[in-house]
Amino acid sequence: MGGFFVPKQGAELWAYIIGAFVVGLGILYALSLTPKSLRKTLIAGITFLGGLFFALEFFWPVDTAGPMAGKNFLTAYIKPVSSVTTILGAFALGLGLYSMVSIHGRAVAKRRENWGFSAVLLGAILAMAIPAIWKEYDKSPQIAGFYRIMYDGGFNPLNATMFSIVAFYIVSAAYRAFRIRTVEAGILLMSAVIIMIGQVTLGQLLTAWIPNENFSSNFRVENLSNWILTRVNSPAQLAISLGIGVGTLATALRLWLSLERGAFFDEEL
Amino acid sequence: MKHATWPARIILLVLSGIILYAILSARRGKKLYLRRIPGLNAIEEAVGRAVEMGRPILGSIGLGDVDVITLQALAIISSVATTAARFAHRIVLPLRNAAQVPIAEEALRAAYTAGGRPDVFNEQDLPFLSGEQFAYAAGVAGIIQRERPAATFLFGTFYAEALIIAENANQVGAIQIAGTPSTTQVPFFIAACDYVLIGDEYYAATAYITRQPTLLGSLIGQDIGKMLLLGMIILGVVLVTFGSPFIANIFGDKDLETFAAYFRAATGGK
């Protein structure tokens with residue numbers, strides 16, 4: 001079984017690619033012939049088997065010593081089975097690219113409003129994709145240089161610019177949130193001020209004259225700030241995470257057992 | 001590779017059993033009560049506002065892969081789409097992950113069909129923008145500024161782009177409902193949005209909106225599970241406070257044993 005998943009080279013690689021392509025097409029054709037009701041059962045069955053594999057691998061006791069220490073009989077197959085997700089994602093990337101090109105291609109072709117932005121987007125896709133693919137086959141410094149100009153000189157600064165905008169949005173959002181109109185907003189403002197002051201040296205100097213020992217140390221701003229973060233904020237976050245964890249378990253169970261209805265199935269199975 | 005310890009096995013199996021039992025009970029017709037969640041009550045109001053103003057609704061299912069969080073987000077947006085379809089109204093749902101495209105298209109097509117207006121569904125309203133975080137944020141911000149949505153629904157996994165999207169929507173005066181299990185982004189949504197679903201309210205949303213027995217039962221099962229965990233936490237705190245190593249021994253946790261030893265010493269025990 002392990003040999004099947006080992007990377008192949010040369011003619012064997014091409015044989016595997018063509019084989020996978022033919023088998024894939026055969027499965028798609030068989031699925032297209034399957035009645036809708038049977039197709040749902042098939043999808044539910046495959047979902048169940050996929051989930052069962054990961055659940056069993058997680059729950060099955062592991063060896064405590066020897067070459068299989070920390071592993072069970074399914075652990076070796078985790079990587080190849082997980083690759084299925086990657087392969088499906090690769091198929092989906094094509095669909096995403098098709099969606100993008102069709103929407104913006106039509107906008108340019110029909111000269112819709114703001115079609116110029118669509119043209120720039122399509123041009124940018126080509127300008128980034130061509131050198132990125134080309135440099136894999138042509139190792140000349142010109143191609144590598146062009147790619148670096150596009151990526152390091154174009155993409156990265158644009159990315160950083162968008163990220164830097166967050167700073168300004170934080171100010172405008174915080175201004176609205178901190179307007180004291182309710183008791184909750186007042187508490188939020190008070191805690192935010194204490195934490196902000198407690199985190200900076202200048203702020204800490206405000207209460208530096210209070211002895212940092214015994215009961216009085218509780219009134220130093222850095223200790224107050226630390227108390228809010230570790231005794232109020234952290235437990236609240238952990239409580240939220242606990243609820244989310246149970247919610248995730250419930251949703252995962254519904255999906256695994258195909259009990260979900262509506263968006264993914266027409267009716268309860 | 002992580003594997004379950006025996007306590008984790010038992011807790012997860014018990015919780016799963018409780019949730020499945022609650023689902024089966026609900027499907028057999030047991031009456032269940034749900035508390036009011038303001039953010040979810042506001043969905044109809046937000047859709048109605050968008051319809052009255054003649055401006056579209058904007059949705060986002062975040063940056064996640066096709067995982068439980070994203071599928072839940074899609075289920076919520078689909079419920080919103082069903083409501084919007086009754087008024088033949090548009091939802092624009094820009095996507096960040098290419099794998100989301102076919103799933104989102106199917107889900108929204110089904111939602112518009114359920115709402116009685118499959119003709120209003122337009123695949124072009126679900127554009128794939130980019131796999132890059134800030135390129136996606138820039139794209140959504142651009143759509144918001146051009147389309148000027150009257151309502152936004154932001155559900156799923158979000159990071160720093162949460163505030164860029166929410167603040168842009170705020171600038172165009174959109175009513176905003178958001179929910180995310182990413183605890184680090186909840187404060188930003190609270191600051192920028194009108195209604196925010198916190199913690200497991202995110203997973204309660206579809207049950208609350210659709211009132212389907214399976215989802216309601218699952219929600220009740222979750223609540224029983226949480227109460228069980230809360231009881232275990234209280235029991236653990238009491239036992240450790242009184243110096244008992246019982247919990248520490250069960251979980252094999254050295255920190256808990258240290259705490260228990262500290263309290264034993266503080267109270268004069270051995």
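**Helices and a chain contact: a chat**

Tutor: In chain B, the axes of helix α1 (residues 6-27) and helix α9 (residues 213-241) come within 7 Å and cross at roughly 145 degrees. Axes here are lines fitted to C-alpha atoms, over the stretch in contact for helices, with angles from 0 to 180 degrees between N-to-C directions. Helices are DSSP runs (H or I, at least four residues), numbered from the N terminus. This is a predicted model, where local features need pLDDT of at least 70, side-chain atom pairs count only at pLDDT 80 or more, and totals for chains, interfaces and linings use all residues. Residues are numbered from 1 along each chain as its sequence is written, and chains are lettered from A in the order in which they are written.

Student: Which residues make that contact?

Tutor: Among them are L15(B) and I18(B) of α1(B), and P213(B) and L216(B) of α9(B). Contact means that C-beta atoms, placed from the backbone, lie within 7 Å.

Student: New topic: is α3(B) buried or exposed?

Tutor: 18 of its 19 residues are buried, so α3(B) is largely enclosed by the rest of the structure. A residue is buried if 20 or more other C-beta atoms, placed from the backbone, lie within 10 Å of its own.

Student: And what follows α3(B)?

Tutor: A88(B) does, with a positive phi near 55 degrees.

Student: How many residues does each chain give to the contact of chain A with chain B?

Tutor: Chain A gives 48 residues and chain B gives 53.

Student: Which helix of chain A gives the most?

Tutor: That is α8(A), with 16 residues.

Key. Helices (H or I, at least four residues) and strands (E, at least two) are DSSP runs, numbered from the N terminus. Two residues are in contact if their C-beta atoms, placed from the backbone, lie within 7 Å. A residue is buried if 20 or more other C-beta atoms lie within 10 Å of its own, exposed if 12 or fewer, and partly exposed in between; C-beta atoms are placed from the backbone.
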